[in-house]
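Welcome, and thanks for taking a look at this chain. Please open the sequence and the model side by side, and let us walk through them together.

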Amino acid sequence: MSDAPFPSALNKPPGYNDPNSPAGFKPPPRKPVLPPSFRPKKKKGSVCCCCFCISFSILIALIIIFAAVFYFSVNPKLPRFHVRSFQIPRFNVTETPDGTYLDATTMTVMEVRNPNGKMTYYYGDTAVDISVGEGEDETELGTAKVPKFTSRKQNTTSLKVETKASNKQVDNMLANRLLSGYKSKSLAVNVAARTKVGVGVAGLKTGMLGVTVKCKGITMKQLDGDDMPNCLIHTLRW
């Protein structure tokens, strides 16, 4: 009968010191094996952020290049507004026991010029306010509406505006000052137009932007002498 196989050595429990091992010798600790769910994952956020920054920088550079090419090829200019003529066919001041009243009719011609050779301006409905006098003496004489129109390349458009103020009660001293200025043609004329404007270039049309045009402090004597000062244009305000 053959001898039984000798049993293999058993695994040593943790912390067991073998008496036969050299003095002071300790086996190196084993690195624990973590399950897959506990293993750290590589971060990809920095790579994505870098790609985004590069793409954004390229986009900004392309926009700047396109804007520069557009500006130098089109050479855009703002439209020009001025008051061509202003008349007051009727200006009556009536004093009664109840107060002083003003009746006035105005006729204004505004010119809108497009100095561009490659751009067209599109205007929406325009509200035009007419007043006379300066500072505390400024008195409204009515508002008129002008339908939408198109100002084509290197073209001038005339806008005729008529307003009327009927039985408007005013201070007696103010009425006399306005009447005196009207007779001497030193009366200041103020025109304010509120509208929206869009731009057309190479068959493309932009959205409409709100603008206000103000022509202030022009005297009737100036207009009679063919003096037509340019009006001021304000964007994004009414």
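## The disulfide

Cys 215 and Cys 231 are joined by a disulfide, with an S to S distance of 1.8 Å. The link of Cys 215 and Cys 231 is right-handed, with 105 degrees about the S-S bond. This pair links distant parts of the chain, 16 residues apart: Cys 215 sits in strand S10 (residues 209–219), while Cys 231 sits in the loop between helix H3 (220–224) and strand S11 (232–235). The count of disulfides comes to one.

Are these two cysteines buried or exposed? Cys 215 counts as buried because its relative accessibility is 3%. Cys 231 is buried too, with a relative accessible area of 9%.

## Confidence and overall layout

Please keep in mind that this is a predicted model. The mean pLDDT of the protein chain is 81, and 75% of its residues reach 70 or more. Which elements mark the two ends of the confidence scale? Helix H1 has the lowest mean pLDDT, at 69, and strand S4 (residues 126–132) has the highest, at 95.

The secondary structure of the protein chain consists of three helices and eleven strands. Read from the N terminus, the order of the elements is α-β-β-β-β-β-β-β-α-β-β-β-α-β. Of the 238 residues in the protein chain, 31% count as buried. The accessible surface comes to about 17,100 Å², and 58% of that belongs to carbon and sulfur atoms. Among contacts between residues at least 6 apart in sequence, 70% join residues at least 24 apart.

## A nonpolar patch on the surface

Phe 52, Phe 56, Leu 59, Ile 60, Ile 63 and Ile 64 form a nonpolar patch on the surface. Together these residues have about 610 Å² of accessible area. Ile 64, one of the patch members, is found in helix H1, which covers residues 45–74. Ile 64 counts as exposed because its relative accessibility is 54%. When you look at this part of the model, recall that H1 is the element with the lowest mean pLDDT.

## Around Ile 88

Ile 88 lies in strand S1 (residues 80–96). Its relative accessible area is 7%, so Ile 88 is buried. What does Ile 88 touch, not counting residues up to four places away in sequence? The neighbours are Thr 105, Thr 106, Val 132, Tyr 182, Leu 187 and Met 220. Another pair to look at is Ile 88 and Met 107: they are 19 residues apart along the chain, and their C-alpha atoms are separated by 6.4 Å.

## Salt bridges

How many salt bridges does the structure hold? There are four, and three of them can be followed here, starting with the one in which the side chains of Glu 111 and Arg 84 meet at 3.9 Å, N to O. That pair links distant parts of the chain, with Glu 111 in strand S2 (residues 99–114) and Arg 84 in strand S1, 27 residues apart. Glu 111 counts as buried at 15% relative accessibility, whereas Arg 84 is partly exposed at 41%.

Arg 177 forms a salt bridge with Asp 137, with the closest N and O atoms 2.9 Å apart. Arg 177 lies in helix H2 and Asp 137 in the loop between S4 and strand S5 (139–146), so this pair ties together parts that are 40 residues apart in sequence. Both partners are partly exposed: Arg 177 has a relative accessible area of 41%, and Asp 137 has 22%. Glu 138 forms a salt bridge with Lys 216, the closest N and O atoms being 3.7 Å apart. Here the link runs from the loop between S4 and S5 to strand S10, across 78 residues. Glu 138 is partly exposed at 36%, while Lys 216 counts as exposed at 53%.

## Two positive phi angles

Asn 167 has a positive phi of about 50 degrees although it is not a glycine. Asn 167 is found in strand S7 (residues 155–170) and counts as exposed, at 52% relative accessibility.

Lys 185, also a residue other than glycine, has a positive phi near 60 degrees. Lys 185 is found in the loop between helix H2 (172–184) and strand S8 (188–201). With 39% relative accessibility, Lys 185 counts as partly exposed.

Terms used: Residues are numbered from 1 along each chain as its sequence is written. This is a predicted model: local features need pLDDT of at least 70, side-chain atom pairs count only at pLDDT 80 or more; totals for chains, interfaces and linings use all residues. Side-chain values use heavy atoms; hydrogens and water are left out. Patches are made of residues with over 30% relative accessible area and no salt bridge: like charges are joined within 9 Å, nonpolar side chains (Val, Leu, Ile, Met, Phe, Trp, Tyr) within 5 Å. Accessible areas come from the Shrake-Rupley method with a 1.4 Å probe; for residues, only the protein chains shown count as cover. Helices (H or I, at least four residues) and strands (E, at least two) are DSSP runs, numbered from the N terminus. Buried means under 20% relative accessible area, exposed over 50%, partly exposed in between (1.4 Å probe, protein chains only). A disulfide is a pair of cysteine sulfur atoms within 2.5 Å. pLDDT is the predictor's confidence in each residue, from 0 to 100. Contact means heavy atoms within 4.5 Å.
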